[in-house]
Amino acid sequence: MRLVFAGTPEVAVPALDALIGSERHEVVAVVTRPDAPAGRGRRLVASPVAQRAEEAGIEVLKPVRPRDEEFLARLREIGPDCCPVVAYGALLPRVALDIPVHGWVNLHFSLLPAWRGAAPVQHSIMGGDEITGASTFLIEEGLDSGPVYGTVTEMVRPTDTSGDLLTRLAFAGSGLLAATMDGIEDGTLKAVPQPADGITLAPKITVEDAHVDWSVPALRADRIVRGCTPAPGAWTVFRGERLKLIHVTPVPDHTDLAPGVLSVGKNNVYVGTGSHAVELLWVQAQGKKPMRAADWARGVRIADGEVLGA
């Protein structure tokens, strides 16, 4: 098939690579978000997908809105058989959905209908899932509600951050998306409607969602930190300033600290929660680089009974 791939961030690149390497299909163009400011100089930088497509000599389309007539006209000229999508980042109007013969097929990083929305991996970790995965489905106008072509499963490891898990799913999902294109082309794969039960939503994680409330149980605090790492970054408050929490671990046998209360040893920093303590391993103070929590504690000279989150 002639494919037009739609995607934007680094997590979409493995799938683009898998399709570029396919012997059965040709990626004739890529659709991605417009160049965006990045770095200290805030200069405009092309998306990771655009950069990869340009390296491969593939035409890149960067519509401000997918309903722009100039973009739609070019898409009609290209005449794709199918448009595979991975984390494109914009809603597709019906007029665009109707152009490819086999529609737009999305690789979504959850086992649908679980975790429909923008942040499925983060919510999976924060929700305590033991198993998650990726799904390919035919895009409709509803939110991730289209019929499913296939799935692949992935264990959620006890120390996974959302970055860790998303990286594994990006590579596992790339094979699933390529296989889905094969099945659509030869007619052996049919999309199956999603069940009405088991629907959960995964809206974008906000900065406030990443604020750790130390009155919750230790396992919940750990899941928030892991789910919000690397973005938007879990945080708490210390002496009136934000303290970013990069890595913590629950300590079940440490039960004598009230929520938010700090306890500092020679090489360890503990904070109480609604159940037992967690150990702070890596933190980042405002204006500072990430550092071991023990080094941070020595530098700020924490007094007995000081708290996080006050």
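## A buried loop residue

Leu257 has a relative accessible area of 15% and is therefore buried; the term denotes under 20% relative accessible area, with exposed meaning over 50% and partly exposed lying in between, as found with a 1.4 Å probe on protein chains only. Leu257 sits in the loop that links strand S11 (241-251) to strand S12 (262-264). Helices (H or I, at least four residues) and strands (E, at least two) are DSSP runs numbered from the N terminus.

Setting aside residues up to four places away in sequence, Leu257 touches Ser263, Tyr270, Val271, Gly272, Thr273 and Ala277, where contact means heavy atoms within 4.5 Å. Leu257 and Val278 are 21 residues apart in sequence, and their C-alpha atoms are 9.8 Å apart in space.

## Basis of the report

The structure is a predicted model, in which local features need pLDDT of at least 70 and side-chain atom pairs count only at pLDDT 80 or more, while totals for chains, interfaces and linings use all residues. Residues are numbered from 1 along each chain as its sequence is written, and side-chain values use heavy atoms, with hydrogens and water left out.

## The chain as a whole

The protein chain contains eight helices and 15 strands. Its C-alpha trace spans about 70 × 45 × 30 Å along the principal axes. Of the 310 residues, 48% are buried. When contacts between residues at least 6 apart in sequence are considered, 65% of them join residues at least 24 apart.

The chain exposes about 14900 Å², of which carbon and sulfur atoms supply 53%; accessible areas come from the Shrake-Rupley method with a 1.4 Å probe, and for residues only the protein chains shown count as cover. There are 30 positive and 37 negative side chains, and the centres of these two sets lie 7 Å apart. Lys and Arg count as positive and Asp and Glu as negative, while His and the chain ends are not counted. Each charge is placed at NZ of Lys, CZ of Arg, CG of Asp or CD of Glu.

## The largest pocket

The largest pocket holds about 1200 Å³ of space. It is lined by 43 residues, and those closest to its centre are Ala87, Tyr88, Gly89, Gly117 and Ala118. Strand S7 (104-108) and helix H5 (120-126) each contribute at least two residues to the lining. On a 1 Å grid over the protein atoms alone, a pocket is an open set of points where a 1.4 Å probe fits, with protein on both sides within 12 Å along at least five of seven lines; lining residues have an atom within 4 Å of a point. Grid points are joined across faces, edges and corners, and the volume is the space filled by probe spheres set on the points.

Ala87 belongs to the loop between strand S6 (83-86) and helix H4 (94-97). With a relative accessible area of 35%, Ala87 is partly exposed.

## Backbone features

Most residues other than glycine have a negative phi, and most peptide bonds are trans. Ala87 has a positive phi, near 50°. Asp144 likewise has a positive phi near 50°. Asp144 lies in the loop between S8 and strand S9 (148-155), and its relative accessible area of 12% makes it buried.

Two cis peptide bonds can be described together. One joins Thr229 and Pro230, with omega about 15°; another joins Ala231 and Pro232, with omega about 0°. Pro230 is in the loop between helix H7 (218-227) and strand S10 (234-238), and Pro232 lies in the loop between H7 and S10.

In helix H1 (residues 13-20), the buried residues are Val13, Pro14, Ala15, Leu16 and Leu19. Their cover includes strand S1 (2-7), strand S2 (26-31), helix H2 (48-55), S6 and helix H6 (162-186).

Arg24 is located in the loop between H1 and S2. It is partly exposed, at a relative accessible area of 38%. Beyond residues up to four places away in sequence, Arg24 touches Met1, Asp182, Glu185 and Asp186. The C-alpha atoms of Arg24 and Asp186 are separated by 10 Å, although the two residues are 162 residues apart along the chain.

## Thr132 in strand S8

Thr132 is part of strand S8 (residues 131-138) and is buried, with a relative accessible area of 3%. Apart from neighbours within four places in sequence, its contacts are Phe109, Ser110, Leu111, Ser124, Val152, Thr153, Glu154, Val156, Leu165 and Leu169.
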